[in-house]
Amino acid sequence: MRFMMLMIPLGYETAPKDVQLDPERVAAMMRYNEALKDAGVLITLDGLHPPSAGARVSFATGEPIVTDGPFAESKEVLGGYWMIEVASRDEAIAWAKKCPASPNEIIEIRQVQEMADFSPDVQEAAAGFAELKKGSKAGRR
């Protein structure tokens with residue numbers, strides 16, 4: 001089973017574009033990342049720049065509307081993610097509990113949808129999805 005562990009650092013929604021990271025915290029997180037890799041569960045991981053450097057494209061009017069960050073209505077935003085492959089939700093939770101997160105950080109765990117999770121008609125509608133993934137930049141890494 002694949003799970004995405006989403007890092008939600010509280011307060012990151014108002015961080016400046018040039019936010020500076022604490023080298024000690026980065027070193028601790030790197031040790032955690034290495035443990036995931038050494039255990040053979042890590043698929044990929046990345047950190048994300050704060051929302052002040054981002055943009056949103058909304059479709060509420062039926063036309064795309066671009067809004068540059070930061071986003072006033074944001075209460076929680078993503079700071080980064082890990083994609084892991086483990087045997088169960090409980091194992092994903094166990095890995096999240098080992099993260100050297102600070103008191104202002106939350107990790108949300110979400111299982112990745114697999115084709116087998118869907119009814120035959122949905123699987124048919126999504127025919128070719130696996131080939132799209134193989135042709136993507138991520139699939140070529």
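The exercises below, each with a worked solution, concern a predicted model of a protein chain.

**Exercise 1. Describe the overall make-up of the protein chain: which elements does it have, and in what order do they run?**

Solution. 
Step 1. Count the elements: the chain has four helices and six strands.
Step 2. Read them from the N terminus, which gives β-α-β-β-β-β-α-β-α-α.
Step 3. Consider extent and burial. The C-alpha atoms fill a box of roughly 45 × 45 × 25 Å along the principal axes, and 26% of the 141 residues count as buried.
Step 4. Look at contacts between residues at least 6 apart in sequence: 77% of them join residues at least 24 apart.

**Exercise 2. Find what ties glutamate 114 to arginine 2, and state where each residue lies.**

Solution. 
Step 1. The two residues form a salt bridge, with 3.0 Å between the closest N and O atoms.
Step 2. Glutamate 114 sits in the loop between β6 (105-111) and α3 (120-125), while arginine 2 belongs to strand β1, so the pair links parts 112 residues apart in sequence.
Step 3. Check accessibility. Glutamate 114 is partly exposed at 29%; arginine 2, at 18%, is buried, because the cut-off for buried is under 20% relative accessible area.

**Exercise 3. Treat the pair glutamate 105 and arginine 25 likewise: how far apart are their closest N and O atoms, and which elements hold them?**

Solution. 
Step 1. The closest N and O atoms of this salt bridge are 2.7 Å apart.
Step 2. Strand β6 holds glutamate 105 and helix α1 holds arginine 25, so parts 80 residues apart in sequence are tied together.
Step 3. Glutamate 105 is buried, at 19% relative accessible area, whereas arginine 25 is partly exposed at 28%.

**Exercise 4. Locate the salt bridge between lysine 37 and glutamate 34 along its helix.**

Solution. 
Step 1. The N to O distance between the two side chains is 4.0 Å, which meets the cut-off of within 4 Å.
Step 2. Both residues are in helix α1; they are three residues apart, and therefore about one helical turn separates them.
Step 3. Lysine 37 is exposed at 52%, and glutamate 34 is partly exposed at 37%.

**Exercise 5. Which residues form a nonpolar patch on the surface, and is leucine 21 buried or exposed?**

Solution. 
Step 1. The patch consists of Val19, Leu21, Val26 and Met30, which together have about 340 Å² of accessible area.
Step 2. Leucine 21 lies in the loop between β1 (2-9) and α1 (23-38).
Step 3. Its relative accessible area is 64%, so leucine 21 is exposed.

Terms used. Residues are numbered from 1 along each chain as its sequence is written. This is a predicted model: local features need pLDDT of at least 70, side-chain atom pairs count only at pLDDT 80 or more; totals for chains, interfaces and linings use all residues. Side-chain values use heavy atoms; hydrogens and water are left out. Patches are made of residues with over 30% relative accessible area and no salt bridge: like charges are joined within 9 Å, nonpolar side chains (Val, Leu, Ile, Met, Phe, Trp, Tyr) within 5 Å. Accessible areas come from the Shrake-Rupley method with a 1.4 Å probe; for residues, only the protein chains shown count as cover. Helices (H or I, at least four residues) and strands (E, at least two) are DSSP runs, numbered from the N terminus. Buried means under 20% relative accessible area, exposed over 50%, partly exposed in between (1.4 Å probe, protein chains only). Contact means heavy atoms within 4.5 Å.
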